[in-house]
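Here is a short report for a first look. Take a moment with the sequence and the structure before reading on.

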Amino acid sequence: METLISIIFIYIFIENFVLHRFFGICPFLGVSRKMETAIGMSMAVVFVMTMATLVTWLVYTFVLLPYNLGYLQIVTFILVIASLVQLVETVLRKISPTLYQGLGIFLPLITTNCAVLAVTLLAVRLEFNFVESIVFALAASIGFSLALIIMAGIRERLEFAKMPDALQGSAVTLITAGILSIAFLGFQGMLSL
Amino acid sequence: MEPKNIYLQDLTRGLVKENPVFVALLGMCPLLGVTGFLFYGFGMGVATTAVAFGGTLMVSLFRNLIPSQVRIPIFIVIIATLVTVVEMSLEAFQPELHEALGVFVPLIVCNCLILGRLEAFSSKKPVLRSAADGIGAGLGFTLALVILAFVREVLGHGSLLGPNPDTVIQLFGPNFEPMTIFAQPAGAFIALGLLLALFNMFTKRFNI
Amino acid sequence: MREILRLSLILALVGIISAALLTAAYNVTEPIIIERRAADYRQALENFFPGFASFETEQVEEGQFDLIYDDTDDLMGIMATVAVLGYDGDITYNLAFDDSGEIIGINIVSHTETPGIGDVIERGSFQEQFEGKSHEDPITAGEDVEIVTGATVSTVAMINSIRQTADFVAQSFLGIEVEEIDFAEVPDGTYQGSAQGFIGPIVVEVEVSGGEVIDIEVIEHEETATYFVESYPLIPERIIEEQNLDIDTQTGATGSAEGIVNAVENALLKALGEDVDEPVEEEPVDIDLSEVPDGTYEGSAEGFMGPIVVEVEVADGEIVSIEVLEHEDTPEYFRESNPLIPDRIIDEQDFDVDTETGATVSAEGILKAVLNALSGALDNGGGGDEN
C-alpha cells in the first residue's frame with residue numbers, strides 16, 4: 001500500500017511526465033490552447049495509458065518473457081497502443097462527435113504520444129508488478145493531465161498578454177513550461193521508491 | 001525546376017525552411033530529454049536520422065504494395081523494427097550512449113517527425129527522393145539537437161564533449177560555477193523557448 | 001469480408017517479416033553485447049586489481065561477488081557487482097574492496113539516470129569520497145559522505161547501497177563477523193557499555209532479565225541533541241522489540257543509531273565475559289572531590305582540533321580554579337566554551353555539567369581534561385603535581 005501511494009505521489013508531482021521527464025511534449029504544446037480540448041485530451045490519455053499498460057504488462061509477462069522475446073517489446077507495445085487508440089477513436093466518434101471534432105488530429109496522434117509508449121516501457125523496465133503498473137500508469141497520466149490543464153489555464157490568459165512577436169506561440173509556451181517545471185522541482189526529494 | 005537539383009532540394013528543405021523542430025515543433029520529447037550533453041544530442045540525432053532514412057527507403061520501395069487502409073500500422077511496424085535494430089546496435093557498439101539515452105531510444109518510434117515524412121512524402125514519391133527527404137529531415141532534427149545541447153552543456157556544465165572524462169573540454173576555469181538550471185528539465189524548456197524565439201526573429205527579419 | 005481478410009494477411013505478413021528481421025538482428029548483436037560486457041568487466045577488474053590472476057564468482061541475493069586472487073592464489077580483494085534502484089531504473093555498479101574490506105573504487109556499469117542530473121554518480125568527485133571507507137565507517141549521507149544536490153535520489157540510493165554492500169562483504173567474505181549475541185545466555189543484571197557515536201562516545205546501561213533485554217538507557221552521549229532524538233529512544237525500542245541487534249538503523253541520525261547498537265553490544269559482550277576492546281575514550285570516572293588532596297594538577301584530553309591541557313587547582317576538597325593552558329581549537333569557537341565550562345564546573349563542584357555550548361566538542365574536551373587531571377591526582381595516591 002505504501003509503495004502504491006508513493007508511486008501515485010511521485011509520478012504526479014515529483015517525476016511529472018511532462019515537466020520532468022519530457023514525455024508527451026507534442027500534445028502538451030498542441031492541445032493546451034483551450035481548456036476544453038485540454039480536458040478532453042487528458043481524459044483520452046488517462047484511459048489509453050491505463051488500458052495500454054494493463055494490456056502490455058500482461059503481454060510482456062505472459063508472452064514475451066516466457067518465450068525470451070524481450071527484443072520484440074517495442075514493436076508489440078506500439079501495436080497494442082495503436083489498436084487501442086483506434087478503438088477509442090471509434091467509440092468517441094459514436095458517443096461524442098463534438099469532442100471528436102475538438103480533438104481533431106490529436107487523437108490519432110496519441111499513438112505517437114511518447115508518454116503512452118514510455119509508460120508501458122517503464123512499467124516493465126522498473127519491474128513493477130501488475131497492480132503497481134496500473135497505478136503507475138494512472139498516476140503518470142494524471143500527472144500528464146495536471147500539467148496539460150495547468151498549461152491550458154495559463155495559455156488562455158497568455159492570449160491577451162502583450163509580448164514580442166517572436167515569443168508568441170510555442171516559444172512563450174515552452175518558457176512557461178520551464179517556469180512550471182521549476183515550481184515542480186520543489187517536490188523533489190520528498191519521496192522515493 | 002531542374003531535375004538535378006530536386007534531390008538537393010529534398011535534402012536541404014528539412015534543415016531550415018521546414019526544420020522539423022523549429023518550424024513544425026516535432027520530436028520535442030527527445031529534443032528536451034537528451035540534450036544535457038552535446039555528445040548525447042548528436043548521438044540521438046544520428047540514431048533518429050538512421051531510422052528516418054531506413055523508414056523512408058522501405059516505405060517508398062514498397063509504396064505500391066502497402067494498402068492505404070492499413071498504411072499507418074504498417075509504417076509504425078516498420079519504424080518500430082528499425083528502432084529496435086538501432087537500439088540493439090547502440091547497445092552493442094556504443095554502450096555508453098545507449099545507457100545515457102535510456103528510454104528515449106525506443107521512443108524514437110513516437111517521433112512524429114518520422115511518421116510525418118513517411119505519410120507526407122515517402123508513400124507518394126520515388127525511392128531516391130524519399131531517401132534524400134528522410135536524411136534531410138533527420139539532419140534538420142540533428143541540427144536542432146546539437147544547437148540546444150551545445151547551449152545547455154556550455155551553460156549547464158561549462159564544458160563541451162562531456163561527460164566522458166577522456167574527451168571533455170572544460171571551457172572555463174575551476175572557479176566557474178555552472179548554471180545548473182540548464183542541465184535540469186526546467187532549463188531545457190527555457191533554453192528551447194528562447195532558441196525558438198530567436199529562430200522566429202531571424203526567419204522574420206531575413207524572410208527565409 | 002474478403003478485403004478485411006486481405007488486409008489482415010498483409011498486416012500479419014509485415015509483422016512476421018519484422019519479427020524475423022529482429023530475431024536476426026538480435027542473434028547478431030547479442031553475442032557482441034555479452035562479449036563486450038565481459039571484456040569491460042575484465043578491464044574494470046584490471047583497473048582495481050592490477051595483475052590479478054583469476055577470480056571466483058559467487059552469486060547471492062545481494063548481488064554478484066567476485067573473489068580476486070593473484071598468481072600465488074592469495075586473496076587480493078573482492079569485486080561486488082550490485083544493482084540498486086536509482087532515480088530511473090536500476091543503477092548497476094562495481095565496488096572494489098581490498099582484502100581488509102576497504103573500498104578501492106567504484107565503477108558504474110550501467111544506469112538510466114537523467115542525463116545531466118542523476119549521472120553525477122559517475123563523477124570522480126562523488127565516487128572518490130567512498131575510497132578508503134569500509135564497514136567500520138558510517139557511510140551515511142551528511143555524515144562522512146555527501147549527497148549531490150539536485151540528484152538526491154540517485155546519490156542517496158548509491159550511498160545506502162554502498163554501505164550495505166561494505167557491511168555484507170566484511171561479514172560474508174572477509175570473516176569480520178559481527179558476533180551474534182544470544183540474549184538468552186546473558187545472566188540477569190544491569191550492564192554498562194560504550195561505543196563511538198557520531199561525535200563522541202555513547203554510554204548505555206542495559207538491563208537484562210530472564211534472557212531478554214528489558215531496558216536500554218543512554219546515560220551519556222555527546223551527540224547533537226536535535227539529531228539524537230531521531231535515534232533515541234527509537235533504537236532501544238527496536239532492540240527490545242526484536243530482541244536482536246540486527247535492526248534497521250536507518251534514522252535521521254544513523255551514526256548515533258549505530259553507536260547505540262554498538263554500545264549495547266559492548267555491554268552484553270562484557271556481561272558474557274568476552275574480551276572486549278574498550279573504546280579509546282575512558283569511561284567517565286566518578287571523582288569524589290573531597291578525596292582529592294589540595295594542590296594544582298595538570299591534565300589533558302582531546303578537543304575538537306587537538307589536545308586541550310588544563311590546570312586545576314583544588315583546595316579543601318573544592319575546585320578553586322581551572323585554567324586552559326593549551327589548546328588547538330579555533331579561537332572564535334573555543335571562546336564559547338572557555339571560560340564558560342570551567343565556571344560551570346566550579347559553580348556546581350560537579351562534573352555533570354551541561355556541555356551544550358556553541359562549541360560542544362571543545363567543552364567536552366575541557367571537562368575530560370579536568371577529569372583526567374583529578375583522576376591522575378587520585379591515582380598517584382594524592383601525590384600529583386602538588387606544589
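## Confidence

This is a predicted model. Its scores are ipTM 0.83 and pTM 0.65.

Chain C has an average pLDDT of 79. In that chain, 88% of the residues score at least 70. Among the elements of chain C, strand 10 (residues 307-315) has the highest mean pLDDT, 88. Helix 4 (residues 225-228) of chain C has the lowest, 77.

Two stretches of chain C call for a separate word. Over residues 277-282 of chain C, pLDDT stays under 50, and the model has 6 contacts there beyond four places in sequence. Over residues 382-387 of chain C, pLDDT also stays under 50. That stretch has 14 contacts beyond four places in sequence.

## A loop residue in chain C

Asp99(C) sits in the loop between strand 4 (90-98) and strand 5 (103-110) of chain C. It counts as partly exposed because it has 14 C-beta neighbours inside 10 Å, between the limits of 12 or fewer for exposed and 20 or more for buried.

Leaving aside residues up to four places away in sequence, Asp99(C) touches Leu75(C), Met76(C) and Gly77(C). Leu67(C) is 32 residues from Asp99(C) in sequence. In space, their C-alpha atoms are 9.6 Å apart.

## Where chain B meets chain A

Here 33 residues of chain B are in contact with 35 residues of chain A. On the chain B side, the elements giving two or more residues are helix 2 (28-33), helix 4 (71-93), helix 6 (112-122) and helix 8 (185-206). Helix 8 of chain B gives the largest share, 13 residues.

By class, this side of chain B has 26 nonpolar, 6 polar and 1 charged residues.

How values were computed:
Residues are numbered from 1 along each chain as its sequence is written. Chains are lettered from A and ligands numbered from 1 in the order in which they are written. This is a predicted model: local features need pLDDT of at least 70, side-chain atom pairs count only at pLDDT 80 or more; totals for chains, interfaces and linings use all residues. pLDDT is the predictor's confidence in each residue, from 0 to 100. Helices (H or I, at least four residues) and strands (E, at least two) are DSSP runs, numbered from the N terminus. Two residues are in contact if their C-beta atoms, placed from the backbone, lie within 7 Å. Ala, Val, Leu, Ile, Met, Phe, Trp, Tyr, Cys and Pro count as nonpolar, Asp, Glu, Lys and Arg as charged, and the others, Gly among them, as polar.
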